[in-house]
Amino acid sequence: MFKPKRLDGRSTTDVVIDLIKGDGSPGDVFEYESIIHALNIGSSRDYSVVDARNAVIRSKSRLSREHQRAVRNIPNLGYKIAAASEHREIAIKHKTRSDRQLSKGVQILRGVKWDEMDPESKHAHEGTLMIMSELHERQQWIERRVKKIESIIGKINCPA
């Protein structure tokens with residue numbers, strides 16, 4: 001049977017969201033100690049920095065969706081509430097990471113010893129490779145197209 005770890009029944013994610021949405025404004029920093037303190041209130045256990053990080057990471061999508069907030073990690077200190085103007089930069093960072101991860105995934109799929117696979121695994125692997133390769137190619141094509149469009153718009157806005 002499920003037994004809540006906190007007297008009020010809230011999850012660690014709920015605690016972090018309540019802390020940030022209630023007390024936070026862009027630029028405010030929530031140090032690990034304050035996050036841990038909030039997590040420990042009414043809890044049957046003691047939380048660590050790792051627990052605090054995990055709770056913040058789990059809360060990010062709800063903070064964005066429900067409260068239009070994003071947080072940035074400040075190494076060895078805690079998290080800062082990002083200003084609205086910083087959300088684009090955060091999103092671009094995620095997109096860049098996504099591009100790298102997709103590229104690595106395709107590379108791993110291509111770098112396999114085919115003769116070590118049974119026919120069913122080989123067939124599944126080939127299908128996954130085709131799908132991921134096409135996804136990667138389309139993502140690169142879109143990126144090139146967007147850069148070209150941005151260049152044209154830039155020339156229109158700022159003629160030489």
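A: In helix 5, the residues H125, L129, S133 and H136 are buried, where buried means under 20% relative accessible area, exposed means over 50%, and partly exposed covers what falls in between, all with a 1.4 Å probe and protein chains only. Before going further, please note that this is a predicted model, in which local features need pLDDT of at least 70 and side-chain atom pairs count only at pLDDT 80 or more, while totals for chains, interfaces and linings use all residues. Residues are numbered from 1 along each chain as its sequence is written, and side-chain values use heavy atoms, with hydrogens and water left out.

Helices here are DSSP runs of H or I with at least four residues, strands are runs of E with at least two, and both are numbered from the N terminus. Helix 5 covers residues 119-157, which makes 39 residues, and it reaches 57 Å from its first C-alpha to its last, close to the 57 Å expected; the expected span is 1.5 Å times one less than the number of residues.

At the start of helix 5, a side-chain oxygen of D118 comes to within 3.1 Å of the backbone nitrogen of E120. This is a polar contact, that is, a pair of N or O atoms within 3.5 Å; within protein, one must be able to donate a hydrogen and the other to accept it, and residues adjacent in sequence count only if both atoms are side-chain atoms. Further along, I152 also belongs to helix 5, and this residue is partly exposed, with a relative accessible area of 46%. The C-alpha atoms of I152 and S103 are 28 Å apart, although 49 residues separate the two along the chain.

What covers the buried residues of helix 5 includes helix 4 (87-110), where contact means heavy atoms within 4.5 Å. Helix 4 has 24 residues and reaches 35 Å between its first and last C-alpha, close to the 34 Å expected. Its buried residues are I90, L102, G105, V106 and L109, and the buried residues of helix 4 pack against strand 2 as well as helix 5.

Strand 2 leads on to its partner, since two strands pair if DSSP finds at least two bridges between them, and four bridges join strand 2 to strand 3 in an antiparallel arrangement. The two strands form a hairpin with three residues between them, and N76 in the turn has a positive phi of about 65°. By way of background, most residues other than glycine have a negative phi. N76 is exposed, with a relative accessible area of 73%.

Across the strands, N73 stands opposite Y79 in strand 3, and Y79 is buried, as is Y32. Rings of Phe, Tyr and Trp (its six-membered ring) pair if their centres lie within 6.5 Å, and planes under 30 degrees apart count as stacked, over 60 as edge-to-face and the rest as tilted; by this rule there is one aromatic pair. The rings of Y32 and Y79 have centres 5.9 Å apart and planes at 85°, so the pair is edge-to-face. Because Y32 lies in helix 2 (residues 32-40) and Y79 in strand 3 (residues 78-81), the pair ties together parts that are 47 residues apart in sequence.
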